[in-house]
Amino acid sequence: MPGLLSAFPMAPMAGVTDAPFRWRLRRNGCRLLFTEMVSAAALARGNRRTLEYLQPPDLGPDLGVQLFGAEPEELALAAHAAQGAGFAHVDLNMGCPVRKVVRSGAGAALLLDLGRAERCLRAMRREVSGLLSVKIRTGWDAGSVNALEVGRLAVDCGVDIVAVHGRTRAQGYGGRADWDVIGELAAALPVPVLGNGDIASADDAVQRLRGSGVAGVMIGRVALSCPWIFRDAERLLRGETPRGAPGPMEIGDDLLRQIDDLESVKGAKVALLESRKFVAWASRGFSGATEFRRRVQEIRNLSQFRRDVEGFFSEAYPREVAVEAREPTKGGEWDERQGEPA
Ligand SMILES: Cc1cc2nc3c(=O)[nH]c(=O)nc-3n(C[C@H](O)[C@H](O)[C@H](O)COP(=O)(O)O)c2cc1C
């Protein structure tokens, strides 16, 4: 059984976990990451823009590429291409709830078609010589919770790691993640299970790790505004005192580095567009954040944008109220740049 590289991996997030954000997460102590989900159909066709999602394979074996698709041969070809690009870890998305994706039979739709899921996983296993993982939800809806069945099937197909978001497809991001189902899966499967859903702090992550029997706790939305959660969770697990949030200057510097990286990877125009949401997340909990966010939406020039970000964080001070750091819940998991799924 392969060992896990980290007890606290970052959840794959379309439109978010690109290379510059992964580098920032890495600076904040995150050791196991995934790419945004990548269309297997497009990758199998050698689509240039899709290949860009794989550039650069920056983190060695600590970076998994997540594929979505519903055609076994396409998934096998895509897995082959991903390995050719340097990825030693390939993941299949079996949890995406987005209509466009499930309509093509991919994502969470695979939870309803276990015959197809099996063919997909076996085809990928034949191709993947490194780690093969799968990310599922607990089921399609409340009446068809089948994570145990799906998990066992995945293990039977040779999957090395099973990650489960404790919600059904029907729940989307509403309600609460069901950590009882996650715990049952962890107890039943002979491979590492990663539990995911609603982690809001380092303390939460460690409690879930200890209380549910999972091998790892996958962290999602909270990392958008509190990327240091990884460093703190690792510290807590080792019995050390967590450091807590860095000061505003440090947060600002970290963010500016991400913006620089975005510019070098994607160019100034895209960097400006994509930086806005990261700036909004990073400014949560600081006084004057709402006004600042409104202001930076209007800026059309990356140098001016940088100056405003620097100015805000050099003068910012935290509000006293706790930050509820769980957005966004809408629109995720699908990135129009990938075009229609086949
Ligand atoms: C904006 C956004 C994009 C997401 N993209 C993906 C994705 O590409 N692949 C995937 O498996 N899950 C995706 N997810 C789901 C997350 O990986 C995770 O399962 C979910 O956010 C629950 O974890 P959390 O409560 O810690 O955020 C996405 C979620 C959001 C909010």
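The model is predicted: local features require pLDDT of at least 70, side-chain atom pairs count only at pLDDT 80 or more, and totals for chains, interfaces and linings use all residues. Residues are numbered from 1 along each chain as its sequence is written.

Beyond its neighbours within four places in sequence, Ile-219 is in contact with Phe-8, Met-10, Ala-11, Ile-199, Ala-205, Ile-229 and Phe-230, contact being C-beta atoms, placed from the backbone, within 7 Å.

Helices α7 and α8 pack against each other; helices are DSSP runs of H or I with at least four residues, and strands runs of E with at least two, numbered from the N terminus.

| Helix | Residues | Contact residues |
|---|---|---|
| α7 | 147–156 | Ala-147, Leu-148, Gly-151 |
| α8 | 179–188 | Val-181, Glu-184, Leu-185, Ala-188 |

Their axes are 10 Å apart at an angle of about 30°, and the helices are therefore roughly parallel (under 35 degrees).

Asp-198, in the loop between β6 (193–196) and α9 (202–212), has a positive phi of about 70° although it is not a glycine. Most residues other than glycine have a negative phi. Asp-198 counts as partly exposed because it has 19 C-beta neighbours inside 10 Å, where 20 or more would be buried and 12 or fewer exposed.

Methods:
Contact = placed C-beta atoms within 7 Å. Axes fitted to C-alpha atoms, helices over the stretch in contact; angles between N-to-C directions. Parallel < 35°, antiparallel > 145°, perpendicular 65-115°, else oblique.
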